[in-house]
Amino acid sequence: MTLQKGRGTREEIERHQLARLRELLSELAGANRFYSARLHAAGIDGALKSLDDFRRAMPFTLKRELVEDQRLHPPYGTNLTYSLDRYTRLCQTSATSGSPLRWLDTPQGWNWMLQCWLRIFAACGVTARDRIFFAFSFAPFLGFWTAFEAAVQMGCLCIPGGGMGSAARLRMIYENQATVLCCTPTYSLRLAEVAESEGVDLRDFAVSKIIVAGEPGGSIPAVRARIETVWPAARVFDHHGLTEIGPVSFPCSQVRDRLHILESEHLPEAIDPRSGQPAGAGAEGELVLTNLGRPGSPLLRYRTGDLIKVLPSQTCACGSREMALQGGVLARTDDMVIVRGVNVYPSAVEEVVRRERQIVEFRAEVDV
């Protein structure tokens with residue numbers, strides 16, 4: 001069954017997910033050492049009857065389990081479905097919450113991520129006529145690697161910005177008349193700061209779209225407004241993903257502050273981070289994901305640590321019925337602090353601080 005761009009009823013989306021999940025489970029059984037025993041213990045196989053059965057029986061996958069697996073079975077662990085000679089790509093997490101994870105991909109899994117990016121670009125209005133500047137380091141973390149290659153497939157002129165200082169990147173963006181900038185939210189502000197110090201007027205640039213990831217800022221109104229003020233001809237588009245999962249969400253084309261999960265390629269859930277039980281619509285919860293197109297290095301019911309607020313299921317103004325996240329990724333479960341009984345997230349602090357135009361960089365410290 002093919003689901004075109006996530007359009008369809010909830011029933012059609014879920015039938016598509018179940019068919020893809022059955023294919024994945026059949027591929028993993030007996031071949032993937034990490035998951036085979038878990039699937040057997042849960043009584044799950046390619047004859048799975050429903051998504052609810054999967055959610056009830058299959059335990060969560062935790063990042064610490066993957067880290068420990070790679071420690072015990074270096075260097076790549078046992079979450080590999082095929083022999084090593086079938087893998088052609090290596091990425092590594094940024095290790096912001098512990099030891100880095102090495103992640104291998106087959107050509108099939110890598111191409112699946114490129115297809116995810118094609119939907120993200122389409123949601124942002126990117127076409128083959130665009131020239132895209134990628135302001136990231138091209139280091140081992142997944143970053144914008146897949147975005148770069150997906151844009152090449154689209155026919156865009158792709159301009160790599162690794163190994164450059166900010167002033168040199170600005171010159172590249174200007175001289176090549178880049179129309180799209182891919183970077184983190186804070187780096188787009190850093191480029192604007194450097195432009196001001198160099199006497200460069202960003203109104204003379206051709207950039208009309210800034211696609212951001214890596215931080216919550218793109219879905220924080222004050223941060224987005226700040227970026228669009230210093231880049232006056234550009235509109236900011238948010239999305240998010242994980243090295244170990246792949247591209248996850250795309251920006252709603254009609255409602256700002258909203259991301260949609262790529263449900264044609266993922267099975268998402270929202271849970272209470274403390275109890276592990278399903279979180280109701282409108283309540284904050286932790287995003288749990290099963291990716292459906294990366295069988296060489298899969299993740300089943302992976303607790304991402306991303307805090308989200310899921311809107312009630314309905315057809316969005318953009319026409320999609322895929323899971324809608326109000327405010328995008330709100331924070332990380334490991335970033336939350338409780339102040340006088342109130343949950344406080346770094347993104348909430350940034351929302352306030354970014355309203356002050358004279359503040360460029362800041363650091364928040366927690367004193368306990």
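User: Hi! How many aromatic pairs does the count come to?
Analyst: The count is 13 aromatic pairs, where rings of Phe, Tyr and Trp (its six-membered ring) pair if their centres lie within 6.5 Å, with planes under 30 degrees apart called stacked, over 60 edge-to-face and the rest tilted. Keep in mind that this is a predicted model, in which local features need pLDDT of at least 70 and side-chain atom pairs count only at pLDDT 80 or more, while totals for chains, interfaces and linings use all residues. Residues are numbered from 1 along each chain as its sequence is written, and side-chain values use heavy atoms, with hydrogens and water left out.

User: Thanks. What sort of aromatic pair do Phe34 and Tyr35 form?
Analyst: They are edge-to-face, at 4.9 Å centre to centre and with 85 degrees between the planes. Phe34 is buried at a relative accessible area of 9%, and Tyr35 is buried at 0%. Here buried means under 20% relative accessible area, exposed over 50% and partly exposed in between, with a 1.4 Å probe and protein chains only.

User: Which residues form one aromatic cluster?
Analyst: Trp117, Phe121, Phe134, Phe136, Phe138, Phe141, Phe144, Trp145 and Phe148. Helices (H or I, at least four residues) and strands (E, at least two) are DSSP runs, numbered from the N terminus.

User: Switching to charges over rings: which ring does the charged end of Arg86 sit over?
Analyst: The ring of Tyr82, 3.8 Å from its centre. The rule asks for NZ of Lys or CZ of Arg within 6 Å of the ring centre and within 35 degrees of the ring normal. Arg303 has its charged end over the ring of Phe60, 5.4 Å from the centre.

User: Nice. How many salt bridges does the structure hold?
Analyst: There are 16, each being a side-chain nitrogen of Lys or Arg within 4 Å of a carboxyl oxygen of Asp or Glu. One of them joins Arg294 and Asp105 at 2.6 Å, N to O. That pair links distant parts of the chain, 189 residues apart: Arg294 is in the loop between strands E13 (284-291) and E14 (302-309), and Asp105 is in strand E2 (residues 102-105).

User: Is Arg294 buried or exposed?
Analyst: Arg294 counts as buried at 1% relative accessibility, and Asp105 counts as buried at 1% as well. In another salt bridge, Glu193 meets Arg190 at 2.8 Å, N to O. Both lie in helix H8 (residues 185-197), 3 residues apart, or about one turn of the helix. Glu193 is partly exposed at 28%, and Arg190 is partly exposed at 34%.

User: Last topic, the open sheet: what's the strand order?
Analyst: E12-E13-E14-E16, 4 strands with antiparallel pairing; two strands pair if DSSP finds at least two bridges between them. E12 (266-271) and E16 (331-332) are at the edges with a single partner strand each, so one side of each has no neighbour in the sheet.

User: How many bridges join E13 to E14?
Analyst: 5 bridges, with the strands running antiparallel. Leu289 stands opposite Tyr302 in E14.
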